[in-house]
Amino acid sequence: MFEFFKNTEFFKTLFGRESSGATARERLRLVLLSDHLALAPDVIDALKAELLEVIARYVDIDPEMAEVTFEQRERELAMLASVPIKSVRKDRPSAPAQRTANGRAHAPPNQPPRRRRRRRRPSPTAPPNGAPPDGTLLAPPGTFENSAQA
Amino acid sequence: MSARRIVVTSGKGGVGKTTTTANLGAALAKKGRRVVLVDTDIGLRNLDLVMGVEKRIVFDLVEVVEGRCQLRQALIRDKRFESLKILAAAQTRDKTAVSEEQMDKLMGELAKSNDYVIIDCPAGIEHGFRNAVAGAREAIVVTTPEVSAIRDADRVVGKLREREIPLQLIINRVRPEMVKAGEMMSIEDVGEILGADILGVIPDDEGVIDTTNRGEPLVLDQTQKLAAIYGRIARRLEGEDLPLTDLDPPSVFSKFFTMWKAG
Amino acid sequence: MNVEGTDLMHAFEEAPLEAASVEAPAAVALGRAIVITSGKGGVGKTTTTANVGAALAALGKRVVLVDADIGLRNLDLVLGLENRVRYHLLDVIEGNVELDEALIRDKRSANLYLLAAAQAREKEDVDVDEMQRLIEQLRERFEYVLIDCPAGIELGFRNAVAGAQHAIIVCTPEVSAVRDADRVVGLLPNDWSPELIVNRLRPALVRKGKMLSVDDVNAILRLPLLGVIPDEPAVIVATNKGEPPAFDPNSRLGAAYRAIAARITGDETAPAEVPTEPEGGGFLSKLGALFGGRS
């Protein structure tokens with residue numbers, strides 16, 4: 001009967017506090033994560049490079065101004081990326097439905113990619129609000145200083 | 001066949017490297033293996049003290065490396081275990097007195113006429129660590145279930161893996177009642193965090209300090225609880241697939257709780 | 001406050017004082033820099049640094065703790081500040097960041113700061129002169145600079161000692177620890193008068209003759225005794241949580257550290273007490289005894 005009292009779950013319920021062993025485990029997990037990252041600057045560089053590569057497929061960025069940092073919080077380690085965006089790319093990958101597993105844009109068979117079709121369409125005058133010629137709004141009007149015209 | 005060359009390391013000081021080296025070495029010698037224990041903690045030697053041979057040091061590791069004596073002159077034969085020898089560190093020098101190449105060569109020499117060369121590594125990850133590891137081909141990482149020790153062990157595990165040195169863990173100073181109460185991490189926690197196999201688990205024992213003070217490895221005394229544990233670790237080291245023993249008395253409620261394991 | 005008096009230093013480059021949370025004292029009175037060392041690893045240097053520092057801060061002193069164990073840092077972990085470390089002492093020494101940015105204020109005390117070690121670097125990345133300059137910079141802003149020394153007697157030790165004027169030797173009642181402590185005392189500057197803290201004493205074992213007594217230890221070391229800390233499971237729990245007992249007014253361990261701090265400041269002149277009874281027994285050990293725990 002008294003053995004039951006030794007059980008840690010019982011203690012937790014009784015005193016409503018996390019056991020110090022569990023606290024230690026959690027703190028250790030986070031600190032080792034941080035230590036491992038600190039010890040692998042090449043991993044961080046590779047991560048940053050690939051991250052910016054992916055971002056650059058969608059928007060124009062200045063890689064020099066991009067910052068990737070790791071922030072240690074009470075219960076987690078978070079990666080923060082601060083990437084100034086110059087403009088949205090006209091030749092960005094298509095919507096998710098037309099993507100293959102690796103995320104690359106994939107044209108439906110026997111159809112030219114949408115982007116090429118857009119380019120062939122003549123556009124003698126730009127719509128006043130900077131919306132692209134095919135009528136879809138990429139961003140609220142006036143978002144970009146230079147209108148994203150075909 | 002050449003000896004197994006095993007470094008006993010930890011990163012953190014004071015977790016039981018020297019005590020483990022001494023007792024594991026003695027346990028292997030008790031089985032009839034030819035064992036040499038090497039103290040590489042130049043400047044802060046303690047293996048001699050723990051083995052009780054401090055008054056019998058004539059030549060030390062540095063003198064051998066510097067060619068001022070023959071290797072066999074520096075080896076101290078233990079009087080209690082026929083096949084056990086000790087090579088003491090120098091006391092009045094520091095760890096920069098020898099190089100990694102010299103250490104590797106010396107351990108190679110020792111390996112020729114022994115079954116085990118067990119290298120007691122100093123605390124830290126600097127020169128002393130690199131020297132100790134240079135002569136080894138395997139490692140035993142000793143840690144306790146405390147955050148600082150595990151953090152340092154993790155660093156050492158990383159360095160050993162960089163050098164592709166296979167390693168196993170010994171978790172020392174486990175306090176079962178604290179683990180049960182959730183106030184100490186369990187051996188499963190430790191093994192998982194470090195991602196390594198466990199060679200042995202040694203409970204905290206008040207008697208250990210006395211044995212090191214007297215220079216009498218506790219495997220000499222079979223009434224010592226830990227003597228049996230070091231014996232099992234030696235057997236496991238040699239390849240026997242021994243499970244960690246349940247040392248709690250069986251109880252009606254034991255199936256509800258994690259039995260603490262040692263051995 | 002202890003004043004270093006006529007110890008005028010050579011002029012050196014100094015970072016301008018920011019309008020940060022650390023203010024330099026009005027007079028140019030330098031703080032005391034004390035290195036906490038032992039030779040042997042694992043005897044409690046880091047725990048002692050954290051707790052003595054916390055206790056000094058609780059007395060109202062402005063204290064900075066410096067982790068000199070580059071590559072194996074743990075002072076941040078013991079203090080529970082590990083997730084606040086952004087910059088470390090090499091960042092300061094190498095000029096990547098101002099000292100004030102690297103100083104981490106403790107969660108519990110406005111007087112206590114931490115300067116963390118680098119984790120992904122080596123002890124060889126800093127030299128004695130750089131450490132000395134750093135410690136002198138810190139002495140201008142703090143009344144006490146406690147330096148947590150790594151194990152060993154090599155470069156890490158020499159760096160930790162550089163810039164300090166006093167040493168506290170931490171030693172456990174074990175022959176290896178005493179021997180190493182003795183070696184370290186011999187390596188300190190001759191004009192220092194180091195003081196001793198005996199850590200992890202188990203009075204019951206001493207009584208049974210199974211452990212060295214404080215007198216046994218000091219028969220060899222012959223140092224003024226600053227304090228004696230008993231061996232208690234509470235230390236492990238404290239490190240698990242990152243909550244030094246010195247901050248806990250109910251902790252007997254904390255009281256031992258606070259007594260040490262009082263002796264350091266000179267407020268307490270009575271000699272150090274040697275505990276003769278084991279801790280009355282927290283809930284845990286009572287249970288353990290009752291239900292046949294540790295033999």
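Here is a quick tour of confidence, folds and chain contacts in this structure. Keep in mind that this is a predicted model. Chain B has a mean pLDDT of 92, and chain C is built from 12 helices and 8 strands. Chain C touches chain A through 11 of its own residues, while its contact with chain B takes 38 residues from chain C.

**Confidence in chain B**

- In chain B, 94% of the residues reach a pLDDT of 70 or more.
- The stretch to watch is residues 247–257 of chain B, where the pLDDT is below 50. Beyond near neighbours in sequence, that stretch still has 10 contacts in the model.
- Where pLDDT is low, predicted coordinates should not be read in detail.

**The sheet of chain C**

- The 8 strands form an open sheet with mixed pairing, in the order 3-4-2-5-1-6-7-8.
- Strand 3 (104–105) and strand 8 (225–230) of chain C sit at the edges. Each has a single partner strand, so one side of each has no neighbour in the sheet.
- Strand 6 (residues 166–171) and strand 7 (residues 195–201) of chain C run parallel and are joined by 4 bridges. Within this part of the sheet, C:Cys171 has C:Val198 in strand 7 as its bridge partner.
- Helix 7 (residues 175–187) of chain C packs on the sheet, where it touches strand 1 (32–37) and strand 6. The direction of helix 7 makes about 165° with that of strand 6.
- Helix 9 (residues 214–221) of chain C lies across strand 6, strand 7 and strand 8, running at about 145° to strand 7.

**Chain C as a whole**

- Of its 295 residues, 55% count as buried.
- Take the contacts in chain C between residues at least 6 apart in sequence: 79% of them join residues at least 24 apart.

**A strand pair and a lysine in chain B**

- Strand 7 (residues 167–174) and strand 8 of chain B run parallel, with 5 bridges joining them. B:Asn172 stands opposite B:Ile202, which belongs to strand 8.
- Strand 8 (residues 198–203) of chain B has 5 of its 6 residues buried, so this strand is largely enclosed by the rest of the structure.
- B:Lys30 belongs to helix 1 (residues 17–30) of chain B. B:Lys30 counts as buried because 21 other C-beta atoms lie within 10 Å, and the cut-off for buried is 20 or more.
- Leaving out residues up to four places away in sequence, B:Lys30 touches B:Phe81 and B:Val219.
- B:Val157 lies 127 residues from B:Lys30 in sequence, and their C-alpha atoms are 30 Å apart in space.

**Where chain B meets chain C**

- The contact involves 36 residues of chain B and 38 residues of chain C.
- On the chain B side, helix 2 (47–51), helix 6 (127–134), helix 7 (147–162), helix 8 (176–180) and helix 10 (207–214) each supply at least two residues.
- Helix 7 of chain B gives the largest share of that side, with 5 residues.
- By class, the chain B side splits into 12 nonpolar, 11 polar and 13 charged residues.

**Where chain C meets chain A**

- Here 11 residues of chain C face 15 residues of chain A.
- Helix 10 (residues 233–241) of chain C gives the most to the chain C side, with 3 residues.
- That side of chain C has 5 nonpolar, 4 polar and 2 charged residues.

Key:
Residues are numbered from 1 along each chain as its sequence is written. Chains are lettered from A and ligands numbered from 1 in the order in which they are written. This is a predicted model: local features need pLDDT of at least 70, side-chain atom pairs count only at pLDDT 80 or more; totals for chains, interfaces and linings use all residues. Two residues are in contact if their C-beta atoms, placed from the backbone, lie within 7 Å. Ala, Val, Leu, Ile, Met, Phe, Trp, Tyr, Cys and Pro count as nonpolar, Asp, Glu, Lys and Arg as charged, and the others, Gly among them, as polar. A residue is buried if 20 or more other C-beta atoms lie within 10 Å of its own, exposed if 12 or fewer, and partly exposed in between; C-beta atoms are placed from the backbone. pLDDT is the predictor's confidence in each residue, from 0 to 100. Two strands pair if DSSP finds at least two bridges between them. Axes are lines fitted to C-alpha atoms, for helices over the stretch in contact, and angles run from 0 to 180 degrees between N-to-C directions.
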